[in-house]
Amino acid sequence: MDQERPLRERLIDVGAELVASEGTGALGLREIARRAGVSHGAPRRYFPTHHSLLSAIARRGFADLAGRIAALEAAAAQSPPRERVRAIGRAYVCYALENPGMFALMFRHDLLDSAGQAPSDEPRLRESTLPLFALLVALVGRCGAAEPSVTAAALWANLHGVAQLWRWGSLPLVLGEDPAVGVERLVDAAVDAHLGGVPA
């Protein structure tokens, strides 16, 4: 761990590494402080509560996911809206499967402090999903959905469920071992189910 890095960022780095390797259950203040090489009371200078530290770690996950989506959008800005929705859906589910610990933390609002102890120029944690959701709503609207917000919310819930049930092994179990039935196909089916026959 880089001892010259500001302590607040080092603590978040350690927490992100810990949630990636051991899951949300390992995110204790004492363990994070120990791995950062500081006293167990040191994190309190930056994170008055355990929830505020967890929120800062989760914010890192939202930033990573947003970066992936932004890169996709930059590359596919001229693609039809439905294809962009598919790409976002695939990226979302892939992020969840590649980063299960962080993904689980990001949506554990019972563990997180939505008011947070974040810098004043950052949104509250629960609002971190709003830009991505707004993009999804706009694209769904461009696909012709009558109620873009409701359709986008239902699609998001569907994609979140695909990610969770795939990670838990439930979807692979019910779908069998057919390699043709993978996450991408499920994402495409979810998009088509919510957007129906509306032209892209």
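This is a predicted model: local features need pLDDT of at least 70, side-chain atom pairs count only at pLDDT 80 or more; totals for chains, interfaces and linings use all residues.
Hi everyone. A residue counts as buried when its relative accessible area is under 20%.

Let's start with the overall layout.

Now, the inside. The largest nonpolar core holds 52 residues, and the ones touching the most other members are L27, I32, I57, M102 and L105. Several helices each supply at least two residues of this core, among them α1 (7-22), α2 (29-36), α5 (100-106) and α7 (148-167). Which helix gives the largest share? That is α3, with eight residues.

Find I57 on your screen, please. Leaving out residues up to four places away in sequence, I57 touches I12, G15, A16, V19, L27, I32, M102 and L105.

Next, have a look at F47, in the loop between α2 and α3. Is F47 buried or exposed? Its relative accessibility is 0%, so F47 counts as buried. And what surrounds it? Again setting aside residues up to four places away in sequence, F47 touches R8, L11, I12, S52, L53 and A56. Take L11 from that group: F47 and L11 are 36 residues apart along the chain, and their C-alpha atoms are separated by 9.7 Å.

Last stop: a pair of helices. Helix α4 covers residues 81-98 and helix α9 covers residues 183-195; they pack at an angle of about 135°, with their axes 9 Å apart. That angle makes α4 oblique to α9. The crossing of α4 past α9 is right-handed.

Who meets whom here? From α4 we have R82, V85, R86, G89, R90, V93 and L97, and facing them in α9 are V183, E184, V187, D188, V191, D192 and L195. Sorted by class, this contact has seven nonpolar, one polar and six charged residues.

How values were computed. Residues are numbered from 1 along each chain as its sequence is written. Side-chain values use heavy atoms; hydrogens and water are left out. Axes are lines fitted to C-alpha atoms, for helices over the stretch in contact, and angles run from 0 to 180 degrees between N-to-C directions. Helices (H or I, at least four residues) and strands (E, at least two) are DSSP runs, numbered from the N terminus. Angles under 35 degrees count as roughly parallel, over 145 as roughly antiparallel, 65 to 115 as roughly perpendicular and the rest as oblique. A crossing is left-handed if the near helix is turned anticlockwise from the far one by less than a right angle, and right-handed if clockwise. Contact means heavy atoms within 4.5 Å. Ala, Val, Leu, Ile, Met, Phe, Trp, Tyr, Cys and Pro count as nonpolar, Asp, Glu, Lys and Arg as charged, and the others, Gly among them, as polar. A nonpolar core is a set of buried Ala, Val, Leu, Ile, Met, Phe, Trp, Tyr and Cys residues joined through side-chain atoms within 4.5 Å. Buried means under 20% relative accessible area, exposed over 50%, partly exposed in between (1.4 Å probe, protein chains only).
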